[in-house]
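Hi everyone, thanks for making time.

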Amino acid sequence: MMKTFSLLFISVAFLLLNSNGSCAQTNASPKDTTDRKWWKEAIVYQLYPRSFKDNDGDGIGDLKGIIAKLDYIKSLGVDVVWLNPIYSSPNDDNGYDVSDYRNIMKDFGTMADFDAMLKGMHARGLKLVMDLVVNHSSDEHEWFKQSRSSRTNPYREYYHWWNAEKGKPPYRYSLFDVHHDAWRYDSLTNAYYLHYFSRKQPDLNWENPKLRHEVYDIMKFWADKGIDGFRLDAFQFAAKDTTFPAFPNGFEKDFTRFYGMQGNLHGYLQEMNQQVLSKYNVMSVAEGAGNTFEDAHNLVDADRNELNMAYAFDGVGIAKREGYSLLHLKQVFTKWDSAFAAKGWLSIFLANHDQARLVSRFGNDSPEFRAVSSKMLTTFLMTMRGTPYYYNGDELGMTNAGFTKIEDYRDVQTLNEYQRQKELGADMQKYLQQIAFESRDNGRTPFQWNNTANGGFTTGKPWIGVNTNYKTINAASQEKDPNSTLNYFRKVVKLRKDNLVLVYGKYTLLDASNPDTYAYTREWNGKKLLILLNFRDKKATTQTGIDVGKATVLIGNYNNPSKNGTLMPYEAIVYELK
Ligand code: NOJ
């Protein structure tokens, strides 16, 4: 069930937790982590354009819709917008299958709209990070059309082909394919092509210098337009051993170990850095951080001239339908923090467009606790070391979609897995229950702007159902309520922006074995903050050994914050210690 999806993210987690954490810290200079950079101090707001705001009434969010909401984004206090792919695409995977890297998807608008959007962002002091999807393209990209047309076409080597007279190539696992088979036979040239994701997402051949330089040119095209960064989609998988050796049986359970950080990946990143990244004031972030802390350091340490940061999946992968262990969550975040305490830089996140909703997975989306647990999770994300990535809609405490039938879903992975489970004769009711908790579509329902039809997202028919709770959970009503999750988000964002200790400060876990509460301090330049979080729906006591008698409460999600270490359900408090 949904193994494809979980496997991608969870196998990385598994590997990391089982690595001995050897990290390249021997030459660590403390300056590395505390060296001030705008991208370390930034708060990134991730915007899913398809579901944010529809301007033209076709039921699909668009760039003009984003432009109409720039003041809203600015009002949040965030600094950077990470926009999911907006390039031309047949939308097999909602834009992660690009057919033209220098054009805008018709559903989303035109290049003139893009230019206006970027201008509007910059005018408001917002920066823009674009998704760079270059582990694969769409099979409808001109490169692939050429590549598949004949074995001697100059674009043949832009992709990975295996001539069928050699027999079937050694098995490769595909995350989204109905049969999880990453080799697709193409009769036109009697050969198989490789696709780690769907059949319509053939993998690009990074071993080919021509392809690499095409990508650098594309990056320059966007950087010259003035964008402020790139998020490198699935890039840890880009380099391959093109002899395609057989992998051990069952490798797919740990496939990141076989796919991640292979061959000359670091060489390619250094080349990309030298050709593009170093020439612009742009930030760069990799999706995925490899298999070990050493891998992650190799990606992001400043002296290696590759990327600025990466995000690892162990944290986000923890939440399960049956619940999750807070001890595990604390262990993961603490391990990662300590591995990067002196060198390198991390991203902090618990949700994105590949996950079900933050509050439904890590908090409690019942009417009683939804708001308070959302606020607690926001407090957590904004008080950790690393650059926070915050997903649109979570500031409202938007919840899982509540879909009950397969026709409600749109996600290629969810639908292909449904077909596969059906072919296997699986219990389809059980599958539906599973996806109701974890399908990516839970995080992709339209943004809930107000209580009018379709939550104010569109005047047309939305491309995916709007959550029926839009009448009670929406931005307009939360604007009016000073205690709303939205207004709390703004306050906690401001708290981070006003307190560099929350960006650079040393993190120390307290009361580590407490299964209900998460307590830690952040310290920097003589300032010390204490953060207390209760992850349970009942009161919980934490023993930090710190006297908060004289401390100042900087923020809390209850009107009268607890004073004696016994926290109310899902309570969050940030103290400044004297
Ligand atoms: C990771 C992206 O976040 C996800 O949405 C996409 O399906 C895969 N990469 C493939 O591009």
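Predicted model: local features only at pLDDT ≥ 70, side-chain atom pairs only at ≥ 80, totals over all residues.

Residues are numbered from 1 along each chain as its sequence is written, and side-chain values use heavy atoms, with hydrogens and water left out.

Let's begin with the ligand. Which residues surround the ligand? They are D93, Y96, H136, F176, F197, R231, D233, E287, H353, D354, R440 and R444; a residue counts as near if one of its heavy atoms lies within 4 Å of the molecule. Sorted by class, that shell has three nonpolar, two polar and seven charged residues. In this scheme Ala, Val, Leu, Ile, Met, Phe, Trp, Tyr, Cys and Pro are nonpolar, Asp, Glu, Lys and Arg are charged, and the others, Gly among them, are polar.

Now for some polar contacts, meaning pairs of N or O atoms within 3.5 Å. A ligand oxygen atom sits 2.5 Å from a side-chain N or O atom of D93. For H353, the distance from a ligand oxygen to a side-chain N or O atom is 2.8 Å, and for R440 it is 3.0 Å. Taken alone the ligand exposes 290 Å², and the protein buries 99% of that, using Shrake-Rupley areas with a 1.4 Å probe.

On to the domains, whose bounds come from an automatic or database domain assignment. Domain 1 covers 7-23 + 39-135 + 204-491, domain 2 covers 142-194 and domain 3 covers 505-576. Between the centres of domain 2 and domain 3, taken over C-alpha atoms, there are 55 Å.

Next, the sheets. Strands here are DSSP runs (E, at least two residues), numbered from the N terminus, and two of them pair if DSSP finds at least two bridges between them. β6 and β8 (residues 191-194) pair over three bridges, and N163 stands opposite A191 in β8.

The other open sheet has five strands, ordered β14-β15-β16-β20-β18, and is antiparallel too. At its edges are β14 (506-510) and β18 (552-556). Inside this sheet, β16 (residues 527-534) and β20 (residues 572-576) pair over five bridges, with L530 opposite Y575 in β20.

That's my tour, and I'm happy to take questions!

How values were computed: Polar contact = N/O pair within 3.5 Å; in protein donor to acceptor, adjacent residues only side chain to side chain. Helix = DSSP H or I, 4+ residues; strand = E, 2+ residues; numbered from the N terminus.
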